[in-house]
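The stops below follow charged side chains.

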Amino acid sequence: MDNNRKVTITSMVNGRVGVTLPELRFKRSWPKMGTKVPVDYSVLQEAIFDDGFARMLKDGILVIEDKQALQDLGLIDSSAIAEVALNEMQMIKMLKVDSLESFTETFNKMSMTQKKTLADIAIEKRIEDYDKCELIRNSTGINIRRTIELDRQAKEQEKAPAAEPEKKNLAASRKMTAF
């Protein structure tokens, strides 16, 4: 193998991801979703034997898009490696535009981490397509429609308490005048 070969690893989660492997003198971080970090292939060959790093790849937290590198590392035949790696914009398009058939096909190829990220995006963007939400709920256990409804209720309650004390005072004054 070429000693100068680099493999790009992409973060697929909203949030910071870090990998520190002192025995390999390897420390890298991905500050947000979509961040791409080049890694020496020779280091990657050793790093995949670390349980934590291997778990991040298998769960789809970090993704290697280079199919040749996956094959060379012996990861491409693993059913646990995510078949699809989508960025945030692709997930939004998937939620808003894709047909249910296309959505289902792509969704079934996603890792559990990506499915949960998709659920978070659906909640953030207020996507309430019943069939898509049910597919996500059945797979991840996250009830998008209920979460959005509870968020709406919480926002309404934040606005309502300012008006409620006046109503209570009016009701109390009416009771006092009735005696």
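Which residue forms a salt bridge with Glu134? Select Arg137: the closest N and O atoms of Glu134 and Arg137 are 2.6 Å apart. A salt bridge here is a side-chain nitrogen of Lys or Arg within 4 Å of a carboxyl oxygen of Asp or Glu. Both residues lie in helix H7, 3 residues apart, about one turn of the helix. Glu134 counts as buried at 18% relative accessibility, while Arg137 is partly exposed at 31% (buried is under 20% relative accessible area, exposed over 50%, partly exposed in between, with a 1.4 Å probe and protein chains only).

This is a predicted model, in which local features need pLDDT of at least 70, side-chain atom pairs count only at pLDDT 80 or more, and totals for chains, interfaces and linings use all residues. Residues are numbered from 1 along each chain as its sequence is written, and side-chain values use heavy atoms, with hydrogens and water left out.

Next, select Asp151 and Arg126, a salt bridge with its closest N and O atoms 2.2 Å apart. This pair links distant parts of the chain, 25 residues apart: Asp151 is in helix H8 (residues 144-159) and Arg126 in the loop between helix H6 (112-124) and H7. Asp151 is partly exposed at 28%, as is Arg126 at 31%.

Then go to helix H5 (residues 100-109), where Lys109 and Glu105 sit 4 residues apart. Their side chains meet in a salt bridge at 3.9 Å, N to O.

Finally, colour by pLDDT (the predictor's confidence in each residue, from 0 to 100). The mean is lowest in helix H9 (residues 164-178), at 52, and highest in helix H7 (residues 130-140), at 94. Helices are DSSP runs of H or I, at least four residues, numbered from the N terminus.

Methods
Helix = DSSP H or I, 4+ residues; strand = E, 2+ residues; numbered from the N terminus.
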